[in-house]
Amino acid sequence: MYINGEWLKGNDILKITNPVNGEIVGEVYQSGVKETEYAIKAAQDAFPAWAGLTAEQRSAYLYKVIDRLNERKEHLAQTITKEMGKPIVNARAEVNSTIAYFKWFLEEARRVYGEIIPSSFPNKRISVIKQPVGVVAAITPWNFPLSMGARKLGPALAVGCTVVLRPSREAPLSSLELVKILDEVGLPKGVVNLLIGGTKEIVDPIMASEVVRKISFTGSTDVGKVLTKQSADTLKRVSMELGGHAPFIVFDDADLDLAVEGAISSKFISAGQQCVCANRIYVHENIYNEFSRRFTERSKELVIGDGLNESTNIGPLVNSSAVTKVVEQVQDAVDKGAKLLCGGSYLEGEAFANGSFYPPTVLGDVTEEMVITYEETFGPVAPLIRFTTEEEVLQKANNTKYGLAAYFFTNDASRVHRVAERLEYGMVGINDPSPFTVQSPFGGIKESGVGREGGKQGIEDYLDIKTISHQFKL
């Protein structure tokens, strides 16, 4: 635990295991209710002084954080891979995005502008200023254990908020490394506090607290709904980046090579364990057979193994429960008539014996009644679905409670605008399997969440708007 500028021990130890082989890669102390209340109080006490600094003064700390992140890139990447399994190349990309988020928000904080509003009365002057919301609770997921912390801590710290950070118990080690850096650069006591532990011990006291003014959560839709309901009791500001069920549409005029590679990238990155991964791949009937053949061949070429190996394309799933869910979805699809084009069985051999591995799997002739078409997969399974018309595929793509990311591939300029505007998603990639940058807002609609992270919009959720009216004698 890191509370009020000090590293504290506890009685309950959590062992962190590598999903490749089940070996213990770290041990951390878990926090209780008492420690959570202490962390909230520390953040509350630190807030006035931190908020009172100028954006440039706060940025000076964050520039030092960036320097140390750059110095420890490989160590951080290996930590990510060991605790949650993603290939080292993807972990290195996550470290780079972590640096990019801190840099973007420390620069953007210097451009938090107010405004002067013309008054209807000659003896009044009206101004609007923006101020930090206060104490923020940040709850981060296991699939991006480092960069999601940066995407929340970056804007919060840059504008003057103080933070209680609670990473996932599945992968807290990279968050520990980040907080070590924050401590090393001399961040004032209480500005950032780190707690690891369960919902009752940490999240419930946070949600009940009147001191915590904002909750930023990345995780499942079900948990997001619970937190949103709990936030109503104290009217907390909420940012919810929740689940997705992304459609990936390939029209018959698409560049097939580009579409196949885009689908491979979108579906199998991090073994499909991203909320923006392609979950339903819709392919026009005129090109379905050719796309299916090429996509299956490429899927078979992917290398499965320990993420620390440079040649690995797909690492393990985060735990055995994740594997069980994937197995159940594949079996349901096959039972209902889907064709198993590749994968679909447990991996054999000593290298896979103690890990949570599942091979890249392609299902053909998938239909709408199969569970995989409406429940988020979070695994390396690609369902291929035929379609005939643009209207038909738009109806199918939008027929979900989720609205995070969507993708489509086409060379028809008019279709680009029609389809992009009609897809009911917060982010759309056109011939682009990765339309996500620090400069643009990240987030969904419908049950995929509220609020945005990244872009200039990502900093607004950490600011309150205050109107000031000054009346005087003429």
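**Helix crossing and an antiparallel sheet**

In this predicted model, helix α9, spanning residues 256-268, and helix α10, spanning residues 288-301, have axes that come within 10 Å and cross at roughly 50°. Two packed helices are described by the angle between their axes and by the distance between those axes. On the side of α9, the contact is made by Leu256, Asp257, Ala259, Val260, Glu261, Ala263, Ile264 and Phe268, while α10 contributes Glu290, Phe291, Arg294, Phe295, Arg298 and Ser299. Grouped by class, the residues in the contact of α9 with α10 comprise eight nonpolar, five charged and one polar.

Strands of a sheet pair through backbone hydrogen bonds, in either a parallel or an antiparallel manner. Here, three strands form an open sheet in the order β5-β6-β20, and the pairing is antiparallel. The edge strands of this sheet are β5 (115-117) and β20 (463-471), each of which pairs on one side only. Neighbouring strands of the sheet are turned against each other by 25° on average, with direction ignored. Strand β6, which covers residues 124-132, is joined to β20 by nine bridges, the two strands running antiparallel; at the level of individual residues, Arg125 has His470 of β20 as its bridge partner.

Methods. Residues are numbered from 1 along each chain as its sequence is written. This is a predicted model: local features need pLDDT of at least 70, side-chain atom pairs count only at pLDDT 80 or more; totals for chains, interfaces and linings use all residues. Side-chain values use heavy atoms; hydrogens and water are left out. Axes are lines fitted to C-alpha atoms, for helices over the stretch in contact, and angles run from 0 to 180 degrees between N-to-C directions. Helices (H or I, at least four residues) and strands (E, at least two) are DSSP runs, numbered from the N terminus. Contact means heavy atoms within 4.5 Å. Ala, Val, Leu, Ile, Met, Phe, Trp, Tyr, Cys and Pro count as nonpolar, Asp, Glu, Lys and Arg as charged, and the others, Gly among them, as polar. Two strands pair if DSSP finds at least two bridges between them.
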